[in-house]
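Trainee: I have not seen this structure before. Please take me through its parts one at a time.

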Amino acid sequence: MSDAPTAASVPGPISAEERDELRRHGILLTSVQELYNWGRSHSVWPLNFGLACCAIEMIAASMAKFDIARFGSEVFRPSPRQADLIIVSGTVTKKMAPHVVRLWNQMPEPKYCIAMGACAISGGPFKQGYNVLKGIDRYIPVDIYIPGCPPRPEALLHGLVELQEKIRQQPLRGPDAPRHLRSDLPCDATVPELGATDIEPPFSPDVWKPPTLVRPDKA
Amino acid sequence: METPEALRDRLLARFPGASIELVPNGSPSAQVSFRIGPAALREVACFLRDDAELALDQCSNVTGLDVPDREVVETVKESQPGAPGGPPVVTERKQTRLQPGHLEVVYHLYSVARRQGPVILRARTGNRTDAVTLPSLTPVWRSCEFQEREVFDLFGVVFEGHPDLRRILMWDAFVGHPMRKDYVEPDDYEWEPTPHGDVLAKARRHYPSAAAPGAVQPSP
């Protein structure tokens, strides 16, 4: 483990160079954390869920030409109970937002979220309209943002590789441990209600804070 | 297909009491339409569908229009007898008149059997507030169902005889009809780097010092 005792009699953890040297000689040294995260990062099952034109690119990424199966994510699950990753692929209208958040709440931990495309990130071209959510990160903690309108399948694959890298870097203990190994973090996102003109609350304060205005002349 | 004038005359001969007028179109397409009084709309639609020569069996599009109340300034010329033997004195007077608004529904009809069309029907409501009922054409063409729901949702036209008149795009608890000209959307403007047009007006309202682009930046 990474936090092994380092008494004077015990040699310190070996360096990455030394480990690579051993690996060349056929000796594999690893840790539970590394092995666990390696396994998790290569079987990220996305939710079979699309919202708009970004979903077409997501579908293209799953087909033979771009082949998301190369990264272990080909098993698109139709049920949120079996999914590890929600790819919010497209415009989230205010009418759809409660359902997206409910899908997120139905997914078991460990779970990750990719906001794909300008609309899912910020509302995109519809940001100042009356019927589109200004970014899914108001309700769901987003791990990876993929800009584009829509992003190409390569961009989605790059986002997935970045997510795998993030999973591999997660320590299993301590304050940076993932949610599923901790009991002090809330797992449920706030599901908004459909109000008379807008969804309420307009954002979940647990995961998102409105940007504050900074005046350069009064900084 | 017969000319629009011939079709109008045929409709008037078939429905003598109905209000049927030809709406000219000055654009290059010159796609004229028929404005039908709401009382006869359903009968005219049935006739257009069942007529052997027209056979308009498909309603491909239903859309709405909102024409708000507006003040019209008119110049009225008044002539009064001038001096005896001389020309009459003509005085011009400007008067404003309130032209009441209305909602309008437009149907685009085609014939798949005869490969012709479109024939465009229009129908007006009495006003924009309390007399907003029009007969539904869903019993005539089933394809109108969702599109009339959309017109109901976004414009607030109530279709009488519609089998399932509910909102279709906005949620059920939503208040207002967003495509009306006087719809005031919720003021939830958020800073964005390059506002323009209406969004720029909103940006100035929220960030008065943002008159110069780039003057304010929100912190991440």
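Trainee: Which strands does helix α1 of chain B lie across, and at about what angle does α1(B) run to β1(B)?

Mentor: This is a predicted model, where local features need pLDDT of at least 70, side-chain atom pairs count only at pLDDT 80 or more, and totals for chains, interfaces and linings use all residues. Residues are numbered from 1 along each chain as its sequence is written, chains are lettered from A and ligands numbered from 1 in the order in which they are written, and side-chain values use heavy atoms, with hydrogens and water left out. Helices (H or I, at least four residues) and strands (E, at least two) are DSSP runs, numbered from the N terminus, and axes are lines fitted to C-alpha atoms, for helices over the stretch in contact (heavy atoms within 4.5 Å), with angles from 0 to 180 degrees between N-to-C directions. Helix α1 (residues 4–14) lies across β1, β2 and β7 of chain B, and its angle to β1(B) is about 170 degrees.

Trainee: What is the order of strands in the open sheet of chain B?

Mentor: Two strands pair if DSSP finds at least two bridges between them. The sheet has 5 strands with mixed pairing. Its edge strands, β1 (20–23) and β3, each pair on one side only. The order is β1-β2-β7-β6-β3.

Trainee: In which sense do β2 and β7 of chain B pair, parallel or antiparallel?

Mentor: Strands of a sheet pair through backbone hydrogen bonds, either parallel or antiparallel. B:Phe34 stands opposite B:Leu121 in β7(B). Over 2 bridges, β2 (residues 33–36) and β7 (residues 116–124) of chain B pair in the sense called parallel.

Trainee: Is B:His108 buried or exposed?

Mentor: B:His108 has its place in strand β6 of chain B. Leaving aside neighbours within four places in sequence, its contacts include B:Gln58, B:Val119 and B:Ile120. Buried means under 20% relative accessible area, exposed over 50%, and partly exposed in between (1.4 Å probe, protein chains only). Because its relative accessible area is 19%, B:His108 is buried.

Trainee: Which residue follows α3(B)?

Mentor: The residue after this helix has a positive phi, near 85 degrees. It is B:Gly156.
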